[in-house]
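This report is meant to be read with the sequence and the model side by side. Please keep both in view while going through the sections.

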Amino acid sequence: MDTIIHTQDLTKRYGSQTAVDRLNLEVARGEIFGFLGPNGAGKTTTFLMLLGLSEPTSGSARVCGFDPTREALKVKRVVGYLPENVGFYDDMTAVDNLRFVAHLNGIRDGALAGKIDAVLDRVGLLAEARKRVGAYSRGMRQRLGIAEVLMKEPQVVFLDEPTIGLDPDGTQKMLEMVRLLSRERGITVFFSSHQLDQVQRICDRVGIMLQGHLVGVGSMDDLAKRKLGVDQAQYSLEEIYMKYFQEGVAAATETTGQAGR
Amino acid sequence: MHGLFVMYRKELEDHFSSTRFILLLTVILMVSLVTTYMVGTGLRKELEGFAKPSLVFLLLFTSTGALFSLAQFIAFFGPLIGMILGFDAISRERASRTLSKLLSQPIYRDAVINGKFLAGLTIISLMLLSIVLLISGMGLWVLGVVPGWEEVGRLAVYLVISIVYIGFWLAVSILCSILFRGLATSALASLALWIFLAFFMALGASLAADVFSPIPPGRSSDPETILNHEQTRETVASFSPITLYSQAATTILDPTRNTTRSLILMGPMERLSLSRFQNPLPLLQSTLIVMPYLISLVAVTVVCFAICYAFFMRQEVRST
């Protein structure tokens, strides 16, 4: 397996609170990896550490062979990041927004115009390319975010809740785009989501985070076998997830109970 | 370097197309032109019948007409210009959620604040330069006096000092926008600092002088005591960039002032020598007097920027 993201005992503490606790994770090149977990489980924190935007308290990480803490610039050159609720300069047009980001990435003006049109066409925004982004709907903004990531031609993309707040149609389009990203261009996709049925549909493997711990990782079948004891066919990710979740909550109450004693 | 240039260009574009810049420029131009006209016509009346006094052109900037002199106006309004240009530098990016995107691009973090600062500084320089040129042009027309090299040189030094001074306030407001999350909070914080330095520093300075080198009741005419008292007061006061600036600006614009000290103890000999040598200082000498002030101003700005770096480099960047 050609590993593109690798973390070893990656830990982040905020004061006494541990956001991510000794995370050991491997993501292979070209796969779609789904990152599941309730709010506040440490998914975004993990993304930020992998991007070098936040410094880990201890442990180490490698993204495309680079250390995000020490070689942040090299990591940022090959990683595209779509944050939850991506922001744009609202008083600029979509094209201007993309051009600015392209300049920041050192893409030269010569090839730029064609490239911007190509990515906007790819996400279906070419008709609205000259509109101010302030007038965009949520789904359009999200798609523009994907266009921005595409323009960088990254090896890995981090998508933080890309489907949150989208209508069913928008969600459908977004997922289709994510899948194509991976299949057509061989880009590794690492994305977090709550919407389990969608994750199930497009992910090769999933990891489940609970309160900073990675409690389960593997393909859907693996997890189903491990947790539900069923062979195939009749399970949904939701069941697996809930199983993990309930176990996690039970374990947590146990430990707090012990601490109280 | 590359990221810095891209940021700089974008910020500059933003400034030029913003309503805020246009309003600011309009207000400043309006005040400057009206004041110059009033001062200019006043000067012309006063100087009627006199041979051309030396360095009359600088009087355009320093003499108070009906309201205030231009130098006073810039000293008062300059900090506000700096603050208006910088108060939302980082907090606006944060509010529109573009900061995390910006920082996940392959540029150094300091390119973001450097680009913003340099763009602001460019705007300030352009504004001041255009004001001084406009006023000079109008002065030519109203006074009918052509400025000599000496005067042009003094104006240039004055311009540099003013740019550095307003640059300091720009740095302060950028710092506030890094430290505070809300737009209004950051604007108010820099405003508070300005009010403190402008109004309470002088008060604090005389208080400090009273405490550290008091003038005992019976010895109010003892020169040494008074001198000590004054020195303490000036030392404390010069911690404020406002004091630094006003001292430097008045010294460079008024060539007959040959020291920045406000109190000179004079015996009969000194008085004699003063009245005999009441001649304007050459430009080089004035510049020498002003230099320490200019350097202090630059130093304060650099310190302010260093604090910006220290905070911004470590700040957590979250998208939500």
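## Basis of the model

This is a predicted model, in which local features need pLDDT of at least 70 and side-chain atom pairs count only at pLDDT 80 or more, while totals for chains, interfaces and linings use all residues. Residues are numbered from 1 along each chain as its sequence is written, and chains are lettered from A and ligands numbered from 1 in the order in which they are written.

## Chain B

Chain B contains 13 helices and zero strands, where helices (H or I, at least four residues) and strands (E, at least two) are DSSP runs numbered from the N terminus. Read from the N terminus on, the elements of chain B are α-α-α-α-α-α-α-α-α-α-α-α-α.

Of the 320 residues in chain B, 34% are buried; a residue is buried if 20 or more other C-beta atoms lie within 10 Å of its own, exposed if 12 or fewer, and partly exposed in between, with C-beta atoms placed from the backbone. Among the contacts in chain B with a separation of 6 or more, 84% join residues 24 or more positions apart, two residues being in contact if their C-beta atoms, placed from the backbone, lie within 7 Å.

## Where chain B meets chain A

In the model, 23 residues of chain A are in contact with 19 residues of chain B. On the side of chain B that touches chain A, helix H1 (2-17) and helix H6 (99-103) of chain B each supply at least two residues, and H1(B) gives the most, with four residues.

That side of chain B comprises five nonpolar, nine polar and five charged residues. Here Ala, Val, Leu, Ile, Met, Phe, Trp, Tyr, Cys and Pro count as nonpolar, Asp, Glu, Lys and Arg as charged, and the others, Gly among them, as polar.

## Two residues of chain A

A:Val157 lies in strand S6 (residues 156-160) of chain A, and it is buried because 23 other C-beta atoms lie within 10 Å. Not counting residues up to four places away in sequence, A:Val157 touches A:Gly80, A:Leu82, A:Val149, A:Leu181, A:Ile187 and A:Val189. The C-alpha atoms of A:Val157 and A:Val178, which are 21 residues apart along the chain, are separated by 9.7 Å.

A:Leu181 belongs to helix H6 (residues 168-185) of chain A and counts as buried, because it has 22 C-beta neighbours inside 10 Å. With residues up to four places away in sequence again left out, A:Leu181 touches A:Val157, A:Ile187 and A:Val189. Between A:Leu181 and A:Gly170, 11 residues apart in sequence, the C-alpha to C-alpha distance is 16 Å.
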